[in-house]
Amino acid sequence: MHSLSLQQPSRRRWLRHAGLGIGGLALTSLLQAEIAPVHGAGQFNLRPKAPRLPARAKSVILLMQNGAPSQMDLFDPKPELTKRDGQVHSEKVETFQQGSESNTLLATPFRFRKHGECGMDFAEPLPHIASLADQWCMVRSMHTDHNNHTEAMVIFTTGKFLPGRPTLGAWTTYALGTENQNLPAYIVLRDPNAYSTNGTQLWQNGWLPALYGGTEFRSTGDPVLNLRPALPQPAGVQRDNLRLLAELNRNYLSRHPGELELEARIINYEVAARMQLEAGDVLDVSRESSSTHALYGLDNPVTAGYGMRCLLARRLIESGVRFVQIHPPAKPSNQPWDSHSDSKLDIEKIAPQEDLPSAGLVKDLKQRGLLDETIVIWGGEFGRLPVSQRTKGRDHNRNAFTILLAGGGFKPGFTYGATDDFGYRSVEDRVSIADFHATLLRQLGLDHHELAYQHLGRDERLTDPEVTGAQVVTRLTTD
Amino acid sequence: MLRFCTCFLLLGLLLLGAAPARPDEPQFARDVKPILIAHCCKCHGLEARQAGLDLRTRRLLLRGGDQGPALDLNNGKMSLIYRQVVSRNMPPDGELDLTTAQIETIRRWVEAGAPPQQTDATESGRDGFLVSDRDRQFWAFQKLRRVGVPPIDGTDRPATSIDRFVSAKLAKVGLRLAHPAAPATLIRRAQLDLVGLPPEPTEIERFVGDRSPDAYQRLLDRLLASPHFGERWGRHWMDAVGYSEIRGTDFDAALNRNGDYMSGMWRYRQYVIESHNRDKPFTRFITEQLAGDELLDWRNADPHSERVNELLVATSFLRMAVDLTWDPPDNTAFTRFRVLHQTVATVAGNLLGLSLKCARCHSHKFDPVPQRDYYRMLALFTPAYNPQTWVLPADRDLTRGNVKIHAVYDVGPPPETYLLRRGDHTQPGRAVQPGFLSVLCDDEQQATQLTLEPIGATSGHRLALARWLTDSEGRAAALMARVQVNRVWQHLFGVGLVSSSDNFGHQGARPTHPNLLEWLATEWVNTGWRLKPLLRRLMGSAVYRQASTDAPSGRDRHPAAVADAPLARMPVRRLPSEIIRDAMLACSGRMDRQIGGPSINTEAQPDGSVRITSDNQPTPGSRWRRSVYLLARRRWFPTVLGVFDQPNMGDHCTRRESSTIVLQALTMLNDQFVMERADDFSRRVFHEAGPATEDRIGLAFAIALGRAPSARELESCRQLIARQTDRFQAAGAAHVDQKALACLCHVLFNTSEFLYVE
């Protein structure tokens, strides 16, 4: 037990304990954070905080697309690539997997078409997403530092490739707290059958206090396990049990005064009792209309899993949750957009599971007037190569990829940046992950230079601008 | 050899194109960079790159901008920066003007050859710096030294040496140890710490009634001799090695038993438990694990020899890294190197308390570990894990007799190993020889001098590593002894004498009691590196035997005051996840105490929980076995374990978290396992106690908490049982008395007193 009697009350630990007072006690911190009485002003808490700069968005929905969606097969048409299909590329490309290098150009198996009034390009596999062309802000000039999924996912979510730093969601809740004190600030919804590649790393608090870490919610039934007794009990049984428990726990605490953990444990039971009453219906979608169910594809087994997570994301955002992070279906794999052997087959396995619900979410947010203040991010950790792996598939490409943004002051119907003639390298208006993070923070009213946390004597920042040279990409946003 | 190294140093410096910085000369990061950041980088830096120029790092100066490099190492005085600054051309007139002293600093720096910061991390791929004797003077890297025990403090209590160290420090702030813990408290503490099971009421009674002076010593002897000792302390070691029976990352809830599961890995767990029970000297223990295959010619040995096979099983120690290569698309150079990197990280983290991860890509920023040293260590493992001629995990497995062993052994002659620039396997730098961390050797020569004793077709590299680590006179052994002794302290007292038990480097904490740590480490080494005598010594101290309830005398109980007085009482510690489940099983009377054997199956359920059902088990009662025998997945732990900080075994873990989250309360209140065990517990009490309610309450308290209820508690419990009896009666339930008693049992499981050891 790390009680304060044992060690220097490290700032971090102390403040973690001091995070929430009994008065303002909230379900928020309930799952992740440790709760203890306030012994001094808590610097770290989840109360809503106004950003210093004017904010264009209040909340974020990250639709994480693990595995690296292929830009030249989905978003970034390359006629030159199609024309020179089968020829050896003049530029030697950087590959990831060994033994399958060919440097032979591979045309996309899909047809592209222009969509919306803005004429944004989309290939066939994502018709519903394409139908919202006038809502999306498409960034085609993304690039990142690492060519392997694991590291690149860590970069996408934390800014650097070595695990252990706080994620985007953690930084956001650290900076802004959350509107609804009865729900966690940062909620993660994943496929119940598996973690995506990297697992819980992708929503960790890193060295930020634990209350800023993501909380996993289940997407069916109760939001967390064991919210109700597994075996039936007559009404009132638990209430009396809890009363005796509180008495015994207080006795124990009185024999060990000052042990914050023991105090926290008493409060935990009070919170647990409240949660059992209040948190049950957060995920109850039965009162949503049938047209809403259809909008998210809940009526179709192919889309129902991902669709439910998208619908829950809207409900949670609507309830004032700050950051919702959705992970993709676990079929065909933990990184379902990975596609080394056959672009067409692989994309056709994953795209139909996600296309309709992703579009449904944006439409629904728009209808309800929530899109203006919510940033929706649809993207993966890097892109794919214009050359084949002696197959019909493509290897990893950290030099170029495309992401989609919607809402939150991002320019709708706008395509930004460009890759070379083959989609290998971002060449025009390049956007690094750090630039992307800086821009997201800016939309939330935060200056990425200012948002800092002292760790091991250094002021750490999400973007680490001194090293990365991160800059806000103002041309992506309105105003 | 020494000369060779010196040459190399010079060569390295030539490559850097700069002379080494002398202390009196301006250094880039310390002296020059702050000037550039404050005066130049507004226009030539992060926000703006006028003239294409960014002056934030030395490397960027060398790269330059539209007019070419800003810094020319061959002709410093012609460098752009020199000319512009010395001529006062830049910065342009205004508020950013440089002072004469600042200009002088830049001038002197350029004229000295613009030396980089000695540990400039941007110079990755090169040594950057070498290890000096001064680096070896850091407390943790020194050889063990004999320290004297402080004099007896004059109090009337008998004091062991440990007590004298601790009391001496407490006395400085006017404190002393708390009074001794009550016998009932002490037996619960000792039993949970040594075997991980709460004492039975009869055991408590016997101990409390035993007034002989050696009663406690005999208790420790009995517990240390128990076969359950290895289950408790073996689990600590399993954490430290990252024990898992899964090859890959274990992201999927459903387990792929064909490719991803190591069906014989439980034999390693068995090996660990037995080694602890036999109190194998630690030096022998790790030598077997690092190089059991190199201790004899196993290829030509009888495949049924238990002794040979035990040594091969021990090497499973090196099979814990995530190895994705069993799945063909993931069999890439990258994932192969990942196995090597994780193996080095685990060996260094577990045995030496050092995080070497930084040195994968560049020389360590804080600790004197050049990148070269990291790859020297890595080269010790490349004969077994050769990334060029990779052997698939299943093909490494041996079947000897009918025993499946997930062993590690050299798969061929040692390959050339290269330093990887930026840790990137596609950017091999120069070749490195296998060797050790220079800072833990007396000199450079020792760092690459391997004591090779090849037996059979093997390089002997790993055996040489084991010899280096276990040379009791050496620096490595000294650090290893400190790290291990500290971890034992941490397991008993919640926090180590070095609180950062996983980091003994410059970024880690300093010991709160340096001399005590040094003394313990020395004693441990001198008495044969055995755990049981060390535990007997630690647990025999008044520090361990003191109460946890005393307020430190003479001090306010404000937490900040308590923090100043560590060890002025026994800390209260939450039980680890496995012990919480085991304690519930023990109370319920259901526990199957069988020792050893294959793992107990766990199943991830569609609702997201993970359960232990009676399906697919060695025997139907297997699901009541101790938690150490559960299928060891990297994640997907049975829910009761998961919420109580069961560590994720994607990595190894030398210090468990002890969180206080609401999910723990919800689980203890509502989880099926907990509710069913409470029910079993009440049946047991119902049958073992007399019919009077107070007898039942008394027995329930004795079993769960190891004590009798106070009069007030007794009354409250009686009221609860009465109320719940009425309630069940009103609901028309059967067995109302037992059900009402089950409510009390359930409450007891939920108490802090049950979940903590004081």
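Predicted model: local features only at pLDDT ≥ 70, side-chain atom pairs only at ≥ 80, totals over all residues.
Okay, hi everyone. Let's start with where the two chains meet. The contact uses 70 residues of chain A and 64 residues of chain B. On the chain A side, the elements giving two or more residues are helix H7 (237-255), helix H8 (260-278) and helix H13 (465-468). Which of them gives the most? That's H7(A), with 12 residues. If you sort the chain A side by residue type, you get 34 nonpolar, 26 polar and 10 charged.

Next, chain A by itself. It splits into domain 1, made of 11-44 + 236-279, and domain 2, made of 59-217 + 285-476. Their C-alpha centres sit 37 Å apart.

Now for the inside. As a rule, nonpolar side chains in soluble globular proteins tend to be buried together. Here, the largest nonpolar core has 326 residues. Among the residues with the most contacts inside that core are Ala313(A), Val324(A), Leu479(B) and Cys745(B). Which helix gives the most to this core? It's helix H19 of chain B, residues 475-493, with 10 residues. There's also a second, separate core of 19 residues, including Ile35(B) and Tyr82(B).

Let's zoom in on Ala313(A). Skipping its neighbours within four places in sequence, Ala313(A) is in contact with Ile61(A), Leu189(A), Val324(A), Ile326(A) and Leu361(A).

Over to chain B, and a helix I'd like you to find: H10(B), residues 228-241. This helix has 14 residues and reaches 20 Å from its first C-alpha to its last, close to the 20 Å expected at 1.5 Å a residue. Where does H10(B) bend? At Gly234(B), by about 25 degrees. And why do we call H10(B) largely enclosed by the rest of the structure? Because 13 of its 14 residues are buried.

Last stop, Leu444(A). You'll find Leu444(A) in the loop between helix H12 (433-443) and strand S16 (452-455) of chain A. Buried or exposed? The cut-off for buried is 20 or more other C-beta atoms within 10 Å. Leu444(A) has 26 C-beta neighbours inside 10 Å, so Leu444(A) counts as buried. Now look at Lys58(A): Leu444(A) and Lys58(A) are 386 residues apart in sequence, but 6.0 Å apart in space, C-alpha to C-alpha. Leaving out neighbours within four places in sequence, the contacts of Leu444(A) are Pro51(A), Ala55(A), Ala57(A), Thr172(A) and Leu176(A).

That's my tour, thanks!

Methods. Residues numbered from 1 in each chain as written. Chains lettered and ligands numbered in written order. Contact = placed C-beta atoms within 7 Å. Helix = DSSP H or I, 4+ residues; strand = E, 2+ residues; numbered from the N terminus. Nonpolar A, V, L, I, M, F, W, Y, C, P; charged D, E, K, R; others polar. Domains from an automatic or database assignment. Core = buried A, V, L, I, M, F, W, Y, C linked by C-beta atoms within 7 Å. Buried ≥ 20, exposed ≤ 12 C-beta atoms within 10 Å, placed from the backbone. Expected span 1.5 Å × (residues − 1). Bend = angle between axes of the 7 residues up to and from the residue.
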